[in-house]
Amino acid sequence: MFETIIFSLLNGLVYGLLLFLLSSGLTLIFSMMGVLNLAHAGFYMLSAYFAYSISIHLGFWYGLLFAPLIVGFIGAMVERYGLRKVHKFGHVPELIFTFGVAFLLEELVQFVWGRNQLAYNKPEILEGSLFTLFGADFPIYKMFMLIVSVVIFIILLSVLKYTRTGLIIRAAVGHPNVVGMLGHNVPLIFMVTFGVGTALAGIAGAIAGPVLGTYPGMASGLGGIMFVVVIFGGLGSLGGAFIASLMIGLIQTFAIAIDASLSDVFLLMDIVITEQTFMYDIWVTSLSQVAPLIPYLMMVVMLIFRPAGLMGARES
Amino acid sequence: MSHLTRICRAESVVRKKRLRILWLCFAVILLALPLVTSNFGITILTQICVASVFALAYNMLLGQGGMLSFGHAVYFGLGGYASIHLMELVGNGVPVPLVLTPLFGGLFGLIAAFLIGSFSTRRAGTVFAMISFGIAELVAASAIILVSFFGGEEGVSSDRTMGPAFFGYEMIPQIEVYYFAAVWFFLATYAMYHFSRSPAGRLANAVRDNAERTQFIGYNPQKIRLVSFVASGFFAGVAGGIFAIQYEIVTDSNLNTAASGLVMLQAYIGGIGYFVGPVIGAIVMTLLNTVVSGVTDLWLLYTGLLFIGTVLLAPNGLTGLIMMHTDAYHNRKLATLIKPYLLGMLPLTAAFIGVVSLLEMFSHRNEAAVGDDSMLLFYIDVDISTWFPWVGFTLLSLLGLAGLRVVIPVVRASWDAANEMQILSNSTINNESDS
Amino acid sequence: MNKLNVMLLGAGSLVLAAGFPVVAQAGTVKIAYIDALSGPFAATGQAGARELRHAISKFLEGKEVAGEKLEVEFLALDGKINPKESLVQLQNAISQGAEYIFHNSGSSVAHAIVGALEKHNKRNPDNRALYLNYGAIDPSLTGSKCSFWHFMIDANVDMKVNAMVDAIAAKPEIKKAYIIGQDYSFGKAFSAAAKRYLAQRRPDIEIVGDQLHPIGKVKDFAPYAQKILRSQADVVLTGNWGADMINLAKSIKDIGTQASIYTIYAYGAGISGVVGESGLGKLSVVAQGHINPANTPEWALYKDEFLAKHPGNDLINERTVYGVQMLGEAFVKAGGTDPLKVALALEGLEITTVSGDKVMMRAKDHQMQMPLQVMAHVKDGIKYDFDQSGYGVRTTSTVAFESNQLDSVCEMQRPL
C-alpha cells in the first residue's frame, strides 16, 4: 500500500508537472489574448518531431535547445499572419482558427515525417535508473523531466514577478485595454506572448517525446486535458494552472492504481450487484477504467459553479 | 396607410411568392438528382442529406445564436442511438412505421439538449464552448463504458427492413433510403428556415449581437439561448435518426469530439452567416471525404488548408464568396465581372496546380515503391525522378502567386465598380433577410 | 433564401452529378481495402495497403481464371478503424462495384462490416460482396457471430493465446501471470482466452492481475507498470497494439521488473525500433509467418522483391499473402469471380503458402487453420530487421497446424 502511494505520488508529480509545462504557455496566451489556443498540443507535437530530427543529426541536447525555439518562431508567425487577421472578427473566429491550425498540424506532421512512431530516444547519460525503491526503478529521465519543469516554473514566476515585462503582462491580464492605452505595442506583445507560449509547449514536447512516444496521435487527448487545467485553474492564474496540473496528474495516476468500483462500496453495505441489477455496467465500472474521464467532469462542474476557475480573476 | 407601407407590403407579397418558387425548385432538385447519378452518387447524396441537416442544426447555434459548440455531435449521436433502439423495438413487434424514426431521434436529442442546455447556456462565448467540449468528452467516454445502452466500441446495430412497410415502402434499396433522407432533409430545412424567421430566431440573432441590450428590452438572454439550443438539439437528433436508418449502426464515433469538430468545419467552410451556408459546407466536405479521398491520401491535408484558407481569407465562407455578388446582381453589372474573373482564374489555377502537384510529388516520393517514379498529375504523366517536374511545378506555383499579386487589384477594382451602391436599392432589404 | 442561393444549389448539384465516377466495366474484379489510412493508426493501415497491393500484383494480377487473364482494380478506402466510418466506406466501395473487401484492424469494425454485409447480400442478391478479414481476430467472428460472407485469414485470439500458453507452459519457472489489454471487444476476448487456457494448461500459475485500459488514450503507462511490478508477475500477457504496445513495453522496462512479455502485435510499424533495447530477452510474439528465417527460397525472394520496391519499409503481415493466394485459388476453382461461387470454393480450400506452410479454410466457421510461430524480439542473427533499427524477431518455436485446431460454436446460416 505504502509503496503504491509513493510511486503514484512520484508518477503523478512527473505527469502533473509536464501538464503544467504545457498549460503554462496556454495560460499565458489565454490570459493575455483571451484566446484558448486549441492548437497548443499541436505545437507540443511539432516540437517533439523537430527535436527528433535535430537529435539524429546533432544529438539530444541540441534538439532540446533548438526545437522549442523553432516552434516558438512558428508560433509567433502563426500569430502574426493568422491570428491577428481573424482577431478583428471576435473570439469565436479566433477559436475556430486555432482549431484549424491544430487540424493542419496533425496532417502536416504526417505529411513530412510519415505515420510511424519515431525512435526518438533519451540521451545516454539519462538512461538507467536513479534509485530503486521497493524493487521498482525510478528512471533518471523522469527526474530530469521533473527538474526541467520546476526550473521553468521558477523562471516564469520570477519573470512575471520581478521584471518590467512581467509587470506589463500582469497588467495586460487584468486590464488588456489599459495597457494599450498606456502606449505599449499591444500587437507586438501579443506576438511575443504567443511565441513564448508555444515555445513552452515546445519544451514539453522535446522532453516528453522520448518517454510518451513521438507519433501522430501524441497531441490528441492531451489537448483536452490542457484546457481542463487552464480552465480549472482559472483564467490568467499561473498558480491556479500549477495547482490544477498537479491535481489532475495525481488524480489520474491514483485512479489507475485503484481497482474498486461502486459495487465494492455496495458490497460493504451488503448489497450484491449481479448482471440483472439495473444499470449493471455503471456499478461494476472500476475507478481505474474511468480515470481518463475525471478531469472533464471536474472542468464541467467548475464551469457551472465558478466559471472564473480555481484562482482566476475574470471570466473571459 | 402611407405610401411607404403600401410599397413594403407589395414587396413582401412578391418576396413570399418568390420564396415559394424557391422551395419548389429545391424539392424538384432533390427528387431529380438521383436520376442523373450512379449508385455511388446516390450513396453520396444520402450522406449529403444527413450532413446538411446536422450542419444546419449546428448553425442554429453558431451562426444564428453566436454559440460555439465543440460538442454538438452529442445530440446527433444520442438521437441516433435512440433511433437504433427504436428500430430494435420495431423489429420485436412494436408497430411504429420506421419512416418516423428521425422524429423519435429528434425528440431524444431535444430532451438531452434541454437537460444539458439548462446549465450550459447560462453563458455564451468561451465558457459555453468549453462546457460543450467537456460534456462531449464525458458522453463519448461513457459511451464506451455503458455497454447496455451504447454497445461499447462496437456500437448498436439494427435492421431497417424489419418493421411494417409504410405504404409498400420498405427502404431496401439505396434509392429508397435516399428518398427517405431527402424528404426528411426537406422537412427539416423548411422547419429550420421558418424557425430562423420566427421571433425566437430573431431574438437569437439579437442575443448573439448584444446580449445586454436584449436584456434591457425585457428578454432573458439565457432563455433565448436555451430555446435555440433545444431546437438545435432536436434537429441534430433528426439527423442522427436519418443516419441510423441509412447505416443501421450507431457508434461512439457518432458523438465524439471529432464528429463535433467535423460539423463545425462544415458549417464554417460553407459560411455561418447564411442560411444555406452549412448545406454548401456539407456538400463540399462530403465530396472531399468520398470522392477526393479516393483520389489522394492527402485529402485531410487539403481539408485543413481549405479550412484555414476560409477562416483567413473568406470569413463568410464559400457562400459568402457567392453572396458578395448580390449588389452587382441588383446593379445588373454581373456581366462586367466575367472578364476580370477569368483573368484572375488564370494565375489562381496555375498556383493551385503547382502547389498541389508539389505536395503530391513529395508524398509520392515518400510513400510509393522505388522505381515507381511516374504519376498522373492533372492528366499529365510525370516522372518524379527527373528534375524537370520539380522545377516546372515550383515555377508554375511562383508564377501563379506572382500573377495573383498583379491581378488581385484589378479584380478588386472591377468588383468595387460593379458593387457601387445605388442609394436605397433593393439589395439592403434583401440582405437583411439572410442574416 | 433568394435566387442566388438556389442557383448555387443547382450548380452544386450539377457538379455533384458530373463528378461521380462511373462504375467499372465488367471483366475486371474490384477489390476494396478498408483500413485506417489517416489518423493515429494510419501506420498499420498504410503498410497493409502497400503489402496487399504487392501481393495482388504477384498472385492475382494476370492469373488465368476460366481461360481469361484476370484484371484487378484496387481501391484503398479510409475507414479510420472506426465502425461508422468503415461502413460509410463499405457502402462507397460496394456502390463503386467492389466485390471483395479486405480489412485488417479493428474487431469492432469487423463486426460492423459483417452485420452490414449480411443485410446487403440478402437484399441485393445480384450485387453481393465477400469480406476477407485478415486482422480482426475476435473469436466470436468465427464463433457465435459467424457469417457465411466473412472469412478470417488469420488465427483468431483463441488460437493465438492457445499457442502463447503452449510456450508459457513449457517454462516451469513461471508462477504468476498478469493480463493487460485495451478496453474493447478484442482486449476482452484476449483476457478471457488467456484466463481459460492458463487454467487448463497450467492451473498452478496464479493470475495476479487482469487490467483493461482505454484504447489509445493512455499517455503514460508508468502507473500500470507499477501495478505489474507490485503484483510480482513473472510474465505479462497482452494483446496491445500500436502506441499502446510500445509505451507499455517501455514503461515495463523503465520500472525494472523481471517479467517477460508475451504478445501478438509487437513488430514492425515502428514498434521494433522504438521498443529496441528494452525488449531484448523480454518480448515474445506469437504470430503466423516466417519472418526470420524466411522458410523457403520463394518466400525470401518475394520478401526481397518487396523490400527492393519499398526501401525503408518492412513486410509485416505474411497472412496478407495467404489471403490473396487463397482468393486466387478460389477464383480458379470457382471458374470466375462471382462472390457466391467463390465463397463456396473457399470453403475447405487447402493451399500451400509461399512460405511452405499448409493452411486450410475450414468450411464450418470460415476460420483459416494454420500453424503459428513463437518469436523472440532480438537484435542479432536476423536477416530481416524492422524499422531499419537492427531489431527484429526470430522464430523460436512452432505450434503445428494440427495441434492448434480449436472447436467452434459457429452455426452458420447459409444462403442456399
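Domain bounds, as used here, come from an automatic or database domain assignment. For chain C, that assignment gives domain 1 (28–155 + 292–370) and domain 2 (158–287 + 372–403). The model is predicted.

**Chain B and chain C**

- The contact joins 56 residues of chain B to 47 residues of chain C.
- About 4800 Å² is buried between chain B and chain C, and carbon and sulfur atoms give 64% of this area.
- Three residues, B:F40, B:E153 and B:E154, supply 13% of the area that chain B buries against chain C, which is more than any other three residues.
- Three salt bridges are found across the interface of chain B and chain C.
- One salt bridge links C:K119 with B:E248, whose closest N and O atoms lie 4.0 Å apart.
- Seven residue pairs are in polar contact between chain B and chain C, counting pairs with both residues at pLDDT 80 or more.
- Several helices of chain B each supply at least two residues of the side that touches chain C, including α1 (3–32), α7 (174–197) and α10 (221–247).
- With eight residues, α2(B) gives the most to the side of chain B that touches chain C.
- That side of chain B is made up of 30 nonpolar, 18 polar and eight charged residues.

**Chain C and chain A**

- Here 31 residues of chain C and 34 residues of chain A take part in the contact.
- Chain C and chain A together bury about 2800 Å², with 51% of it on carbon and sulfur atoms.
- C:K219, C:Q226 and C:D254 supply 22% of the area that chain C buries against chain A, more than any other three residues.
- The interface of chain C and chain A holds two salt bridges.
- A:K122 and C:D254 meet through their side chains in a salt bridge of 3.2 Å, N to O.
- Two residue pairs are in polar contact between chain C and chain A, both residues being at pLDDT 80 or more.
- Among the elements of chain C that give two or more residues to the side touching chain A are α2 (42–59), β9 (206–213) and α8 (243–255).
- The largest share of that side, seven residues, comes from α7(C).
- By class, the side of chain C that touches chain A has 15 nonpolar, nine polar and seven charged residues.

**The two domains of chain C**

- The centres of domain 1 and domain 2 of chain C, taken over C-alpha atoms, are separated by 27 Å.
- In chain C, 30 residues of domain 1 are in contact with 27 residues of domain 2.
- The area buried between these domains of chain C is about 2400 Å², and carbon and sulfur atoms give 60% of it.
- C:N292, C:D314 and C:I316 supply 27% of the area that domain 1 of chain C buries against domain 2 of chain C, more than any other three residues.
- Two salt bridges are counted between domain 1 and domain 2 of chain C.
- The side chains of C:D154 and C:K160 form a salt bridge (3.1 Å, N to O).
- Seven residue pairs, both residues at pLDDT 80 or more, are in polar contact between domain 1 and domain 2 of chain C.

Key. Residues are numbered from 1 along each chain as its sequence is written. Chains are lettered from A and ligands numbered from 1 in the order in which they are written. This is a predicted model: local features need pLDDT of at least 70, side-chain atom pairs count only at pLDDT 80 or more; totals for chains, interfaces and linings use all residues. Side-chain values use heavy atoms; hydrogens and water are left out. Contact means heavy atoms within 4.5 Å. Buried area is the accessible area (1.4 Å probe) that two parts lose on being put together, summed over both. A polar contact is a pair of N or O atoms within 3.5 Å; within protein, one must be able to donate a hydrogen and the other to accept it, and residues adjacent in sequence count only if both atoms are side-chain atoms. Helices (H or I, at least four residues) and strands (E, at least two) are DSSP runs, numbered from the N terminus. Ala, Val, Leu, Ile, Met, Phe, Trp, Tyr, Cys and Pro count as nonpolar, Asp, Glu, Lys and Arg as charged, and the others, Gly among them, as polar.
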